[in-house]
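Colleague: I am new to this structure. Please walk me through how to read it.

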Amino acid sequence: MTKGRKTTWNERIQIVLNCLGNGKDYKKTAETYEVSYQQVYQWVKKYENGGEEALKDKRVRKKDVAVKYGSSKKAYLSAI
């Protein structure tokens, strides 16, 4: 299995369209773009059910505490 890697929204769209254009050859598409078979399958499924918008990453990322409060431990502790 290929180790996962980060992909952009546009790249996921390109991967899905390539897969659909090749008769849903998930294995070949996964090898071409160096992503897992399972990931290609899931992206195609999402695309078929919800279009391009369904391929957007909807995870919420928390900002790192050090970025928000700087390196000052005192500023962090006074904020909580």
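Modeller: Begin with the elements. Helices and strands are DSSP runs, numbered from the N terminus. This is a predicted model. From the N terminus on, its chain runs α-α-α-α-α.

Colleague: How many helices and strands does the secondary structure come to?

Modeller: Five helices and zero strands.

Colleague: Which residues make up the largest nonpolar core?

Modeller: The general idea comes first. In soluble globular proteins, nonpolar side chains tend to be buried together. Here the largest nonpolar core has twelve residues, among them Ile13, Cys19, Tyr26, Val40 and Leu55. Two or more residues come from each of α1 (9-21), α2 (26-33) and α3 (37-50). With four residues, α1 gives the most.

Colleague: Take Cys19, a member of that core. What is Cys19 in contact with, leaving aside its neighbours within four places in sequence?

Modeller: With those neighbours left out, Cys19 is in contact with Lys24, Asp25, Tyr26, Thr29, Val40 and Val44. Of these partners, Tyr26, Val40 and Val44 also belong to the core.

Colleague: Now Thr7. Is Thr7 buried or exposed?

Modeller: Buried means under 20% relative accessible area. Thr7 has 16%, so Thr7 is buried. Thr7 lies in the segment before α1. Beyond four places in sequence, Thr7 is in contact with Arg12, Val35 and Trp43.

Colleague: And what percentage of the chain's residues count as buried?

Modeller: Of its 80 residues, 21%. The accessible surface comes to about 6400 Å², and carbon and sulfur atoms hold 51% of that surface.

Methods
Residues are numbered from 1 along each chain as its sequence is written. This is a predicted model: local features need pLDDT of at least 70, side-chain atom pairs count only at pLDDT 80 or more; totals for chains, interfaces and linings use all residues. Side-chain values use heavy atoms; hydrogens and water are left out. A nonpolar core is a set of buried Ala, Val, Leu, Ile, Met, Phe, Trp, Tyr and Cys residues joined through side-chain atoms within 4.5 Å. Buried means under 20% relative accessible area, exposed over 50%, partly exposed in between (1.4 Å probe, protein chains only). Contact means heavy atoms within 4.5 Å. Accessible areas come from the Shrake-Rupley method with a 1.4 Å probe; for residues, only the protein chains shown count as cover.
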